[in-house]
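Please keep the sequence and the 3D view at hand while reading.

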Amino acid sequence: MGLWLYLQRITVKYFSQLTGRNIAVITGLYIVISWLLLFLVGEKQLSSSFSTFFYYLVVTASTVGYGDHSPETALGKWMAALFIIPGGLGLFAIVVGRVATLFVSVWRRGMLGKRSLQMEQHILLLGWNENRTLSMLRMLLHEEAGRRTIVLCTRSEIENPMPDKIEFVRVTSYTNAEEMTRASIDKASCIIVDALHDDVTLTAALFAAGRNPNAHLLAYFDDEGLSDLLKLHCPNAECIPSVAIEMLAKSAVDPGSSLLHQELLSTDKGMTQYAIDYPTTQQPTTFALLFEHFKYQHDAILIAYEDGKGIQVNPPLNQSITPATRLFYIADERVDDMTWPEPAS
């Protein structure tokens, strides 16, 4: 038993030290020695053609054993039985095991958020709030429909909640440059910050704005004062405050208001609010003409536009709309094939 344990430890020790390079060298030596042995024992059929020899070696080592090629001499059969088959089986098992281990390792690193992502023009979500984050991810996946990759980056000790739909990166800090580079923060087209605490959201948003000033930055705050502080340093940031109290008060006066707002925000059912830019190739027009076109051509309701003064809801019908103006409308689904009215002659 002592000898058996010793051999077992030696085997485990040396097999665990087999690197990819060592396996490649051993495989090369196995191929060369096998060919030399077959050549020396007179197996001309197997050693005269490299393609035939390699085919025989692979079929034998993988235990497929078609039988269309086999040793013909007695010594050739001994070589196959004592070296080619045992050596091939061992190498085949090692290679398959290493490849399987590699795939499992890559998959586990992805599940644990340890991989470095190489992508651009993606949506980067910083923070984890369990059900709220899951709901946001589902809405983003529905809205994007595969157009942009969604990356969840969090400090929480979790695994990828949607491994078949999103990418995942786990970090220790949202302000660690090296770790955030793994999430390709510099190349994201949109960065959403929704951390557990407002102070973390603020620092993460400031860091994101410094690393990627061209990204569309959104941050959710419970404290509206921090929204103002972020806007002071990042004027282009879009801050989303908590509207729970306002919704309670509004529903108390106008029952059903909360249900209406939920439907306008939900992408899964009912009418939803969307935005689109009036193309720069179009001529200036009026809100009335666009309102009529949206309703009759796309069954959508135009409700507002955005100019230098902010968002103007329910503007006068004679309001002029110039190219590059952002328009807001309500529809059952986003209008992907939006048409525009012909300019008046």
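In this predicted model, strand β9 (residues 301-307) pairs with β10 in the antiparallel sense, over 4 bridges. Within this region, Glu306 stands opposite Ile311 of β10.

Both strands belong to an open sheet of 4 strands, whose order is β7-β12-β9-β10 and whose pairing is antiparallel. The edges are formed by β7 (272-277) and β10 (310-313); each has a single partner strand, so one side of each lacks a neighbour in the sheet. On average, neighbouring strands of the sheet are turned by 25° against each other, with direction ignored.

A helix packs on this sheet. Helix α12 (residues 287-298) lies across β7, β9 and β12 (326-331). Relative to β9, α12 runs at about 140°.

Elsewhere in the chain, two helices are in contact. The axes of α8 (residues 198-211) and α9 (residues 224-233) come within 11 Å and cross at roughly 10°. Because angles under 35 degrees count as roughly parallel, α8 is roughly parallel to α9. On the α8 side the contact is made by Asp198, Asp199, Leu202, Ala205 and Leu206, and on the α9 side by Leu226, Leu229, Leu230 and His233.

| Elements | Angle |
|---|---|
| α8 and α9 | roughly 10° |
| α12 and β9 | about 140° |

Methods. Residues are numbered from 1 along each chain as its sequence is written. This is a predicted model: local features need pLDDT of at least 70, side-chain atom pairs count only at pLDDT 80 or more; totals for chains, interfaces and linings use all residues. Side-chain values use heavy atoms; hydrogens and water are left out. Axes are lines fitted to C-alpha atoms, for helices over the stretch in contact, and angles run from 0 to 180 degrees between N-to-C directions. Angles under 35 degrees count as roughly parallel, over 145 as roughly antiparallel, 65 to 115 as roughly perpendicular and the rest as oblique. Contact means heavy atoms within 4.5 Å. Two strands pair if DSSP finds at least two bridges between them.
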